[in-house]
Amino acid sequence: MAIRTRKFIGTLALLLLVVVWSLLGMTVAQTPWLASSRLLQAVFYVVAGIGWVLPAMPIVSWMARPDA
């Protein structure tokens with residue numbers, strides 16, 4: 001697969017990942033057990049804000065692979 005095609009597919013995958021991640025994060029953030037504690041909210045938002053990077057790393061490394 002050409003690098004341009006991989007980058008296009010990877011870009012779409014990253015956009016989909018960010019949209020799904022944010023929707024899931026908003027859903028979890030509205031749960032009563034999380035909404036009642038400011039400490040849990042702070043921890044959740046830090047983890048949710050940084051957490052999307054872990055599933056994004058394989059996509060980015062796949063996109064950056066040289067042509068075979």
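Q: Hi! Is arginine 6 buried or exposed?
A: Arginine 6 is buried, with a relative accessible area of 3%. Buried means under 20% relative accessible area, exposed over 50% and partly exposed in between, using a 1.4 Å probe and protein chains only. This is a predicted model, where local features need pLDDT of at least 70, side-chain atom pairs count only at pLDDT 80 or more, and totals for chains, interfaces and linings use all residues. Residues are numbered from 1 along each chain as its sequence is written, and side-chain values use heavy atoms, leaving out hydrogens and water.

Q: Which residues does arginine 6 touch?
A: Leaving aside residues up to four places away in sequence, arginine 6 touches Met1, Trp62, Met63, Arg65, Pro66 and Asp67. Contact here means heavy atoms within 4.5 Å.

Q: Where does arginine 6 lie?
A: Arginine 6 lies in helix α1. Helices are DSSP runs of H or I with at least four residues, numbered from the N terminus.

Q: Which residues are buried in α1?
A: In α1, those are Arg6, Gly10, Leu17, Gly25 and Ala29. Their cover includes α2 (32-35), α3 and α4 (53-64).

Q: New topic: at what angle do α1 and α3 pack?
A: Helix α1 (residues 3-29) and helix α3 (residues 38-51) pack at about 170°, and their axes are 11 Å apart. Axes are lines fitted to C-alpha atoms over the stretch in contact, with angles from 0 to 180 degrees between N-to-C directions. The two helices are therefore roughly antiparallel, a term for angles over 145 degrees.

Q: And which residues make that contact?
A: Trp21, Gly25, Val28 and Ala29 of α1 meet Phe44, Tyr45, Ala48 and Gly51 of α3.

Definitions and conventions. Angles under 35 degrees count as roughly parallel, over 145 as roughly antiparallel, 65 to 115 as roughly perpendicular and the rest as oblique.
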